[in-house]
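Subject: Structure handover

Hello,

Please find the structure below, ready for you to take over. My notes on what turned up in it follow.

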Amino acid sequence: MKEQKPTYDYLLNKTKDQELEINRLLEHKESINNFEFYQKESQDLVCIAGIDGFFKEINPTFIKVLGYTKEELLTNSMLSFIHPDDVEKTTRELKQLSLGHHTSINFENRYIKKNKDIVTIQWTTTKSASKEFIYAIGRDIIEKKKAIETLKEERDKFAKIAATSPGLIYSMRQNKDGSLYYPYASNAIDEIYGFAYEDIKNDPNKLFSLIHPDDLDYVMQSIIETKSKLVPLKGQYRYFHPKKGMVWHEMNSLPVVEPEGTVICHGIITDITERIRAEQKLIKANRLYLFISEINQMIVHTTDVQALFREACTIAVDIGKFRMAWIGTIDEDTKKLIPAMIAGEDQGYLSIIKKISAEDIPAGRGPGGTSIREGRSVICNDIENDSIMRPWRKEALKRGYCSSMAVPLKKFGKVIGAFSFYANEKNFFDAEEIALLEKATDDVAFALEIFEKEALRKKAEESVIESEQRYHMLTEVSPVGIFRTDATGHTTYVNARWCQITGLSFQEAMGTGWLNAVHNEDRTALSNVWENATRQKENFLYEYRFVRPNRSIAWVIAQAIPEKNSENQIVGYIGTTTDITERKLMEMELIKAKDLAETANKAKTDFLANMSHEIRTPLNGIIGFTHLLMKSNLKKNQSEYMATVNESAISLMEIVNDILDFSKIESGKLELNINEINLFKLTNQVIGLFKHQANQKKIDLILQIDKNVPQYILSDSVRLKQILVNLLSNAIKFTNFGEIQLDINEIEPSDKKWSTIKFSVKDTGVGIKTDNNEKIFNSFVQEDNSTNRKFGGTGLGLAISNRLLALMDSKLQLISKYGEGSDFFFVIKFKKVNHKKNIDSVLNNIIEEDKIIPVKTLSNKKILIVEDNKINMLLAKTLIKRIISNCTIFEAKDGNEAIEQYKKEKPDLVLMDIQMPNKNGYEATDEIRKLKDAENIPIIAITAGIMDGDKEKCLVSGMNDYLSKPIIQTDLEKILHKWLHKN
C-alpha cells in the first residue's frame with residue numbers, strides 16, 4: 001500500500017503543534033532556569049526528595065543552615081538528619097502525601113545540625129506529577145519561635161502587672177461611628193469603678209454617669225480631644241464609687257490609630273483619693289498654721305481687747321478661710337452671749353445670734369450656749385441635720401453656713417465668752433482643725449490674761465509707790481525699831497526708833513557696826529544665829545542685849561524675814577527690833593517668884609509627908625490597939641468608949657488622906673493607874689462598906705446595874721472607888737429615912753471597844769438649896785456653916801471627886817430639890833476588856849481571896865520587926881503573935897540594927913519601917929539584899945507615908961510588898977501567909 005502523502009493542512013497543523021511544543025519546551029526550560037535561579041538565590045531551604053527517602057537535589061541554603069556537605073546530605077537518608085523525637089511525625093506526614101490523601105501538606109520538624117544544634121524548620125511540600133518526587137520548601141523558624149515565646153512571656157508579664165497593679169489598665173476604642181467600648185480591662189476595674197468588666201465592656205456610659213457632674217464635661221472633652229488630635233490623655237476627676245462613695249481618679253493614656261482607621265487608647269486609671277486627701281490636708285494644715293502664726297503675731301503688737309477681737313476674727317476669715325467668725329462675751333446681768341466682734345459674710349446674722357443664752361434653756365442649747373455653759377468645744381459638722389442648730393438653722397443655711405464650731409473663751413480658768421467659726425462645707429471640722437482652733441482660742445485667752453495682768457501690774461506699781469511712801473512714813477513713826485539688810489545680812493537701813501532703842505546713830509548701825517553695841521555675853525551667839533539664818537535663807541528670831549553709850553542695858557527681841565523679788569530670789573532681810581527691857585525685868589521677877597513658890601511648894605510637900613508620917617504613926621497605935629481592945633472582954637460601956645475612940649481615929653485618918661489627896665491634885669502630881677477592873681465586884685464592895693451604917697439608920701441601900709453595862713473595863717479602880725465611896729458616904733450622912741440607890745447604866749449604844757457609862761447616887765435626904773449647887777464643889781466649902789456643925793467634915797470630898805473625874809475627862813453633876821433629896825451623877829467613857837470568866841467564877845475568886853488560911857499552917861517562923869516607934873513596935877508584935885502564936889520575933893529600932901539582926905538571926909521575913917533615924921528602910925533593904933543568901937528573903941514595907949510614888953519607891957529599892965499604917969490585922973495576916981508560904 002502506497003504511503004499517503006501528508007496534506008497541507010496536516011502539515012500546517014503539525015507545524016503549529018510543533019511550534020506550540022517548542023514554545024512549551026522553551027517555557028519549561030525558562031521555568032527550569034528560573035527554578036534553578038530561585039533555589040540557588042533563595043534564603044529558604046529548597047529540596048527535591050525521592051520516595052526512597054533520599055534527597056535528590058538541595059539548594060545552597062540547605063547546606064548552609066544544616067552545616068553538612070552536599071555529598072553528606074545526598075548520600076544519607078533524610079531521616080538520619082531529623083531529630084529522633086520528630087522522625088515518626090515526619091514519616092506519617094510524608095506517607096499521607098504519597099498516598100494521595102493530600103496534594104500539599106505543611107508541617108514542622110527539628111533537624112540536628114552538624115554542630116549538634118537543633119533547628120526547627122517549617123515545611124511546605126508538594127508531590128510531583130509522576131508521584132516519584134516530593135518538592136519541598138522549608139524555612140528556619142527558630143527566631144520566629146523565640147519571638148513568639150518572647151511575646152508570650154511579655155504578655156504573661158503584662159497580665160501579671162495588670163493583675164497586681166493598683167490602677168486599672170485598659171484599652172478603649174472609638175469606633176468609626178464615634179461610639180466607645182473597652183476591648184480590654186484589667187481585674188482592677190471592680191476596685192476602681194465598682195463594676196465587672198462584662199458590665200461595662202460595651203456600655204461605658206455606666207461609668208460616665210457616676211463621674212461628678214462638675215467634672216463630666218472636662219472628662220468628655222479630654223477624650224474627644226485625644227481621639228481627634230491624637231494627643232495624650234491626662235487628667236483628674238471625681239467619681240461616685242458604688243461602694244466607696246466619692247473618690248478621686250487620675251487618667252493617663254496614649255491614642256493609637258489602628259489599620260482600620262479606628263482610634264484606640266491604651267492607658268491606666270489610678271485611685272488617687274488618699275493622695276488628694278493628703279494634699280488637701282496639707283493645704284488645710286498650712287492654712288491653719290498660717291492662721292495660728294498670724295494670731296500669735298497679732299497678739300504681740302495688740303494692746304487692747306477690742307483690737308484683739310477684731311484682728312482675731314479678721315484673721316480667721318482672711319487666713320483661716322472661714323465663711324464667718326465672731327467672738328461673744330457673757331453679760332453677767334442678762335446671762336446672754338453678746339457679740340463683741342464679727343467678721344466675714346454676716347448678712348445680718350448678728351441680729352440672730354444675739355438671742356443666744358448662757359443658761360440651760362432652749363436659746364442656750366446651741367453650740368455657743370453649750371460651749372460656755374459646759375466649758376468645752378462644741379462642733380456641728382452638719383448644720384442642716386443637727387438638732388443642736390434648730391433655732392438658727394434656717395438663717396445659717398440661708399447664708400451658706402454648713403458647719404460650725406464654738407470654743408469657750410477662758411480667762412484665768414473662768415469662761416467669759418466663746419469664739420465661733422462657720423464654714424461653707426459639711427464635715428469641715430476634723431480633729432486637727434479642732435485642736436488648732438482651740439489653740440488659737442487659747443492664745444486669744446492668753447492675750448486677755450496678759451492685758452489684765454499688765455493692768456494689775458500698773459496698778460500694783462502705783463500701789464507699791466504708795467506703799468513705799470506709807471512704809472517710810474510708818475517706819476519713822478513706828479513704836480518698834482525697823483531695820484533692813486542686803487542679801488549678805490549687812491544693815492542698809494534703820495529707823496529712828498531703832499536708833500533710840502540701841503543708842504546708836506544711823507551711820508554707826510550700817511553694815512555690821514550694830515554688833516559693836518551688843519552685850520559681850522550675847523555677841524558671839526547672836527552673830528552665829530544671824531549668820532546661820534542668812535546663810536540658810538531662814539527667818540531670824542533672837543533675844544539679846546544692847547549696851548547703850550550711857551552703859552544702860554536694853555533687852556530687845558529681833559525678828560527678820562527674807563525679802564524676795566518677783567523671781568522669788570532673796571534680796572535682803574527686813575525686821576523689827578522691840579524693846580522688851582520692862583518685860584524682861586518682869587520675867588526675872590516672875591522667875592524669882594516661881595523659884596520661891598516651888599521652894600515653898602516643896603516645903604509644903606515635905607511638910608505634908610512628914611506630918612502624914614507623924615500623924616499616922618500615933619494613929620496607927622490608936623486604931624490598932626483600940627481594934628484589939630474592942631475584941632477583948634470589955635464591959636458594954638467600955639466597948640462603946642473604945643468604938644468611939646476607934647471611929648474618931650479613923651475619921652482623923654480620912655481627913656489626913658483627903659488633905660494629902662487634895663495637895664497632890666493641886667500640884668499636878670496625882671496620876672491615874674489604869675488597870676483591868678471587875679466593875680461588878682468593885683461596886684458590890686463599895687455597897688458592902690456602907691451596909692452596916694445603912695442598916696443602923698434603917699435606910700434601904702440599893703445597887704442597880706443595867707444589863708448592857710460591861711463587867712470588865714480599864715480604869716483606876718482606887719480612884720473610881722474613892723469617888724463612889726465619897727458620894728455614898730455623903731448620901732448616908734445626909735439621909736435619915738427612905739433609900740439610897742447607886743444606878744449604873746450604859747447611856748450610848750456600845751461598840752466593840754468602848755462603853756459610855758453613867759454612875760448616879762440618888763438619896764432621899766435633906767437636899768441642897770439651888771443657890772448652893774455650885775458652891776459645894778469648891779474646896780473646904782460646905783453648903784452652909786450649919787452643915788459643918790451638924791454633920792462635920794472638911795468640905796474637900798466633892799472637890800476631890802470632881803478633880804479626879806476631870807482626870808477621867810468627866811465631871812460631877814447635881815440634880816437636887818431642897819427637902820426631898822439629891823442625885824449626884826457623872827459619865828465616863830471606858831475601854832472594854834475581853835474577859836472570859838463568868839460572874840460565878842468571879843464570885844468564887846472573891847470568896848477564895850477573902851478566906852483566911854488556918855493559923856496552924858504557919859508556925860515556928862522567925863520574924864524581924866524594924867520600927868523606931870515603941871507603940872507601933874508593940875502593936876506589930878501583938879498582931880503577929882495573934883496570927884502566929886509560936887513565932888520568934890526580933891526587934892530593931894533603926895536600919896543599922898536591922899542589918900546586924902539579919903546577919904545574926906537570918907529571919908524568915910522582915911517588916912521594915914521606912915522613916916527611921918540613922919539609916920532609913922530603903923538604905924537598910926539595899927544593904928541586906930547585898931548579903932549572902934538574902935536575895936529572896938521577903939521584906940515588907942510598913943510606912944505611914946501615903947504620898948504618890950511611895951509604894952513604887954519601896955518596890956524599886958528591893959522590898960517585896962507594901963503595908964500602910966494603920967496596920968489592920970486581916971491585911972497583915974494576908975501578907976504573912978502570902979510571903980511565908982512562898983519562902
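**Aromatic pairs**

A search of the whole structure, which is a predicted model, turns up 24 aromatic pairs. One of them joins Tyr 193 and Tyr 239: the ring centres are 5.1 Å apart and the planes stand at 80 degrees, over the 60 degrees needed, so the pair is edge-to-face. Tyr 193 belongs to helix H6 (residues 189–193) and Tyr 239 to strand E8 (residues 233–241), so that the pair links distant parts of the chain, 46 residues apart. Tyr 193 has a relative accessibility of 7% and counts as buried. Tyr 239 is buried as well, at 0%.

A tyrosine pair with another geometry is formed by Tyr 401 and Tyr 422. Their ring centres lie 4.9 Å apart with the planes at 45 degrees, so this pair is tilted.

Ring pairs join Phe 291, Phe 322, Phe 419, Phe 421, Phe 428 and Phe 429 into a cluster.

**Charges over rings**

Two lysines are worth a look in the viewer. Lys 584 lies over the face of Trp 555, 4.8 Å from the ring centre. Lys 758 has its charged end over the ring of Phe 825, at 4.6 Å from the centre of that ring.

**Cysteines**

How many disulfides does the structure hold? The count is 0. For reference, a disulfide is a covalent bond between the sulfur atoms of two cysteines. Among the cysteines, Cys 265 is buried, with a relative accessible area of 1%. Cys 954 is likewise buried, and its relative accessible area is 1%.

**Helix packing**

Two packed helices are described by the angle between their axes and the distance between the axes. Helix H21 (residues 679–696) packs with helix H22 (residues 717–734) at an angle of about 30 degrees, and their axes are 10 Å apart. That angle is under the 35 degree limit, so H21 and H22 are roughly parallel to each other. Their crossing is right-handed.

Further along, helix H27 (residues 895–905) and helix H28 (residues 921–929) pack with their axes 9 Å apart, at an angle of about 25 degrees. H27 and H28 are therefore roughly parallel to each other. H27 passes H28 in a right-handed crossing.

Helix H24 (residues 797–807) has several buried residues, namely Gly 797, Leu 798, Ala 799, Ile 800, Ser 801, Leu 804 and Leu 805. Just after H24, Asp 809 takes a positive phi of about 60 degrees.

**Positive phi in loops**

Which loop holds Lys 537? It is the one between helix H18 (520–536) and strand E18 (540–547). Lys 537 is not a glycine, yet its phi is positive, at about 60 degrees. With 53% relative accessibility, Lys 537 counts as exposed.

Arg 551 sits in the loop between E18 and strand E19 (553–564). Its phi is positive too, at about 75 degrees, although Arg 551 is not a glycine. Is Arg 551 buried or exposed? At 65% relative accessibility, over the 50% cut-off, Arg 551 counts as exposed.

**Two contacts across the sequence**

Lys 40 is part of helix H1 (residues 8–41). Its relative accessibility is 53%, so Lys 40 counts as exposed. Between Lys 40 and Asn 59 the separation is 19 residues in sequence and 5.6 Å in space, C-alpha to C-alpha.

Ala 941 is placed in strand E31 (residues 939–943). Its relative accessibility is 0%, so Ala 941 counts as buried. Ala 941 and Val 910 are 31 residues apart in sequence, and their C-alpha atoms are 8.5 Å apart in space.

Regards

Notes
Residues numbered from 1 in each chain as written. Predicted model: local features only at pLDDT ≥ 70, side-chain atom pairs only at ≥ 80, totals over all residues. Heavy atoms only, no water. Phe/Tyr/Trp six-rings, centres within 6.5 Å; stacked < 30°, edge-to-face > 60°. Helix = DSSP H or I, 4+ residues; strand = E, 2+ residues; numbered from the N terminus. Buried < 20%, exposed > 50% of the residue type's maximum accessible area, 1.4 Å probe, protein only. Lys NZ or Arg CZ within 6 Å of the ring centre and 35° of its normal. Disulfide = S-S within 2.5 Å. Axes fitted to C-alpha atoms, helices over the stretch in contact; angles between N-to-C directions. Parallel < 35°, antiparallel > 145°, perpendicular 65-115°, else oblique. Left-handed = near helix turned anticlockwise from the far one by under 90°.
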